[in-house]
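Subject: Structure for you to look at

Hello,

Here is the structure I promised to pass on. Please open it and keep it beside this email as you read.

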Amino acid sequence: MHDVTPEEMRSGSLPLYLQISEAISREIAAGVWPDGARLPTEAALAKKLGVAIGTLRKALALLEERGLLERIQGSGTYVRHRTKTGGIYEFLRLELKGGGGLPTARILSLDLCPNPDYLPALSDGRSDHAWRVRRLRFLDGSAAALEEIWFDARHAGQLSPRDIAESMYLFYRETLGFTIARTEDKVSVAPCPDFAPDGGHFRHGAMLGYIERRSWGDTGLIEEFSRNWFDPEVACYAARWA
């Protein structure tokens, strides 16, 4: 078992401009910013978010490139709602109960383990070991979920928490060389697992919302299996179709 230091817990933090663009795109998807809404001025929005205008402009330019914003000269910046946002958290279905919420995560442990009985065949199904990542998921800084994520050991012989981005799908794409194309979720309830941090927000055995997910890569193989326990007082599971 890899003991995770405080520095490693946040080593995969996303660049600030990307955090801002993802937060805004999730609010657009949740309807916090409806289609056609005009954003505040850059100065007002930068002040509200506590960032430099240059950082904000970089985030807005990325959202405009993805078709979520339209800048009209002399008028302002307007929302163009799309169900598919193109964001790195496209498949993250957990939201704050009021909608949206910037996802961040703290790694609790990273281990190379023999495949457990409940794990589906990953990648080509020939590996008998997989990497297991256990994390505490936050939305806008509020502890929202515990995560257990598995991917095939064949993708990486050695890993440390420093290698893993807060967005696992960004990590898969940029470090392991595959992308997630589709997912299947099964939602129910389950008791809080025993790896919940002592003295924290989650209590071992308390009933929580539960999501079991299989994720397929661009080659049609299952590349990830995850289990997520979320606090329904903080977050909800949201799925939208156009």
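First, a definition: Ala, Val, Leu, Ile, Met, Phe, Trp, Tyr, Cys and Pro count as nonpolar, Asp, Glu, Lys and Arg as charged, and the others, Gly among them, as polar. Also note that this is a predicted model.

Start with the second largest pocket. By class, its lining has eleven nonpolar, two polar and three charged residues. That lining is made of 16 residues. Ile20, Ala23, Ile24, Glu27 and Leu49 lie nearest the pocket's centre. Helix 2 (16-30) and helix 3 (42-49) each give at least two lining residues. The largest share, six residues, comes from helix 2. The volume of this pocket is about 290 Å³.

Now the cavities. The structure has two of 30 Å³ or more. The largest cavity has a volume of about 280 Å³. Its lining counts 18 residues, and nearest the centre are Leu92, Arg137, Glu147, Tyr169 and Arg213. Strand 5, strand 6 (142-152), helix 5 (168-176), strand 8 (207-217) and strand 9 (222-230) each give two or more lining residues. Strand 9 supplies the largest share, three residues. By class, this lining has nine nonpolar, three polar and six charged residues.

Last, look at Arg135. It is in strand 5 (residues 129-139). Is Arg135 buried or exposed? Its relative accessibility is 2%, so Arg135 counts as buried. A polar atom of the Arg135 side chain lies 2.9 Å from the backbone oxygen of Glu166. Beyond its neighbours within four places in sequence, Arg135 has contacts that include Ile107, Leu108, Glu147 and Met168.

Best wishes

Technical notes: Residues numbered from 1 in each chain as written. Predicted model: local features only at pLDDT ≥ 70, side-chain atom pairs only at ≥ 80, totals over all residues. Heavy atoms only, no water. Helix = DSSP H or I, 4+ residues; strand = E, 2+ residues; numbered from the N terminus. Buried < 20%, exposed > 50% of the residue type's maximum accessible area, 1.4 Å probe, protein only. Polar contact = N/O pair within 3.5 Å; in protein donor to acceptor, adjacent residues only side chain to side chain. Contact = heavy atoms within 4.5 Å. 1 Å grid on protein atoms, 1.4 Å probe; cavity = no way out; pocket = protein on both sides within 12 Å on 5 of 7 lines; lining within 4 Å. Points joined across faces, edges and corners; volume = space filled by probe spheres on them.
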